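Trainee: I am new to this structure and would like to know what lies behind the labels used for it.
Mentor: Have a look at it, then ask.

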Amino acid sequence: MNSKPDTVPAGYGTVTPWIVTADTVALLEFLTAAFDAEELGRVENPPGKIGHAEVRIGDSVVMMFDTPFKVATPALLRFYVEDAAATIQRVVDAGGTVATPLTDVQAWGDRVARVLDPLGNLYWLQERVEEVDPEDVPRRMQEDRYLKAMEQTQVLDAPGLT
């Protein structure tokens with residue numbers, strides 16, 4: 001008798017993001033160079049077009065495919081990273097651009113930057129530098145230094161985003 005498999009397959013999370021792009025091959029190359037993505041597989045359908053591809057970045061799986069849509073559908077993803085400054089440099093070296101420079105520590109304890117890949121997808125890079133009691137965050141959000149750090153994350157310095 002067959003038993004029902006686990007709800008979530010091994011190696012996946014409950015939620016898995018999709019990136020829909022005009023050039024999935026270029027996206028795979030970017031993710032590998034910028035974030036050490038491990039390609040799990042790809043399906044060409046039809047030949048020359050990516051109908052489905054998956055990568056593992058850290059402990060997460062990201063799926064992607066070449067767009068069938070008539071409008072651009074950029075992805076917006078948040079990455080927790082060990083060293084945001086080093087990751088920003090890898091993104092730039094891989095052909096990405098900085099949309100928001102690395103902030104000072106935010107009220108919740110992270111430093112944040114935003115970067116764009118060459119295809120227009122936007123990534124929040126977050127480096128945990130301080131463990132903050134959730135009850136302290138609202139009070140800290142009123143402090144000038146945290147307000148300034150938050151304001152910085154609301155500006156996009158990359159061309160074509162505003």
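Trainee: How many aromatic pairs does the structure hold?

Mentor: The structure, which is a predicted model, holds six aromatic pairs.

Trainee: Why is the pair of W18 and F65 called edge-to-face?

Mentor: The ring centres of W18 and F65 are 5.4 Å apart, and a pair needs centres within 6.5 Å. Their planes stand at 75°, and planes over 60 degrees apart count as edge-to-face. The pair is therefore edge-to-face.

Trainee: What makes this a pair that ties together parts of the chain?

Mentor: W18 belongs to strand β1 (residues 18-21) and F65 to strand β4, so the pair ties together parts that are 47 residues apart in sequence.

Trainee: Is W18 buried, exposed or partly exposed, and how do you know?

Mentor: The relative accessibility of W18 is 41%. Buried means under 20% and exposed over 50%, so W18, in between, counts as partly exposed. F65 has a relative accessible area of 18%, which is under 20%, so F65 is buried.

Trainee: How do you know what kind of pair F79 and Y123 form?

Mentor: F79 and Y123 are 5.4 Å apart, centre to centre, with 65° between the planes. The angle is over 60 degrees, so this pair is edge-to-face. The pair links distant parts of the chain, with F79 in strand β5 and Y123 in strand β8 (residues 122-128), 44 residues apart. F79 is buried at a relative accessible area of 10%, and Y123 is buried at 0%. Ring pairs also link F79 and Y123 with F30 and F35 into a cluster.

Trainee: Which residues are closest to the centre of the largest pocket?

Mentor: The largest pocket has a volume of about 470 Å³. Of the 22 residues that line this pocket, the closest to its centre are I57, G58, S60, R78 and F79. The lining divides into 12 nonpolar, six polar and four charged residues. At least two lining residues come from each of α1 (24-35), β4 (60-66), β5 (76-80) and α2 (84-93), and β5 gives the most, with four.

Trainee: How many charged residues are in the lining of the second largest pocket?

Mentor: That lining has no charged residues; it divides into seven nonpolar and five polar. Among the lining residues are V20, T21, F69, P74 and N121. The second largest pocket holds about 160 Å³ of space.

Trainee: What makes β1 and β2 edge strands?

Mentor: Four strands form an open sheet in the order β1-β4-β3-β2, with mixed pairing. β1 and β2 each pair on one side only, and so are the edge strands. Neighbouring strands of this sheet are turned by 15° against each other on average, direction ignored.

Trainee: How do you know that β3 and β4 pair?

Mentor: Two strands pair if there are at least two bridges between them. Five bridges join β3 to β4, so these strands pair, and they run antiparallel. R56 stands opposite V61 in β4.

Trainee: What is the phi of D36, and why is it worth a remark?

Mentor: Most residues other than glycine have a negative phi. D36 is not a glycine, yet has a positive phi of about 55°. D36 lies in the loop between α1 and β2. At 52% relative accessibility, which is over 50%, D36 counts as exposed.

Trainee: Which residues does the cis peptide bond join?

Mentor: Most peptide bonds are trans. The bond joining N45 and P46 is cis, with omega about -5°. P46 is in the loop between β2 (38-44) and β3 (50-57).

Technical notes:
Residues are numbered from 1 along each chain as its sequence is written. This is a predicted model: local features need pLDDT of at least 70, side-chain atom pairs count only at pLDDT 80 or more; totals for chains, interfaces and linings use all residues. Side-chain values use heavy atoms; hydrogens and water are left out. On a 1 Å grid over the protein atoms alone, a cavity is a set of points where a 1.4 Å probe fits but cannot get out, and a pocket is an open set with protein on both sides within 12 Å along at least five of seven lines; lining residues have an atom within 4 Å of a point. Grid points are joined across faces, edges and corners, and a volume is the space filled by probe spheres set on the points. Ala, Val, Leu, Ile, Met, Phe, Trp, Tyr, Cys and Pro count as nonpolar, Asp, Glu, Lys and Arg as charged, and the others, Gly among them, as polar. Rings of Phe, Tyr and Trp (its six-membered ring) pair if their centres lie within 6.5 Å; planes under 30 degrees apart count as stacked, over 60 as edge-to-face and the rest as tilted. Buried means under 20% relative accessible area, exposed over 50%, partly exposed in between (1.4 Å probe, protein chains only). Axes are lines fitted to C-alpha atoms, for helices over the stretch in contact, and angles run from 0 to 180 degrees between N-to-C directions.
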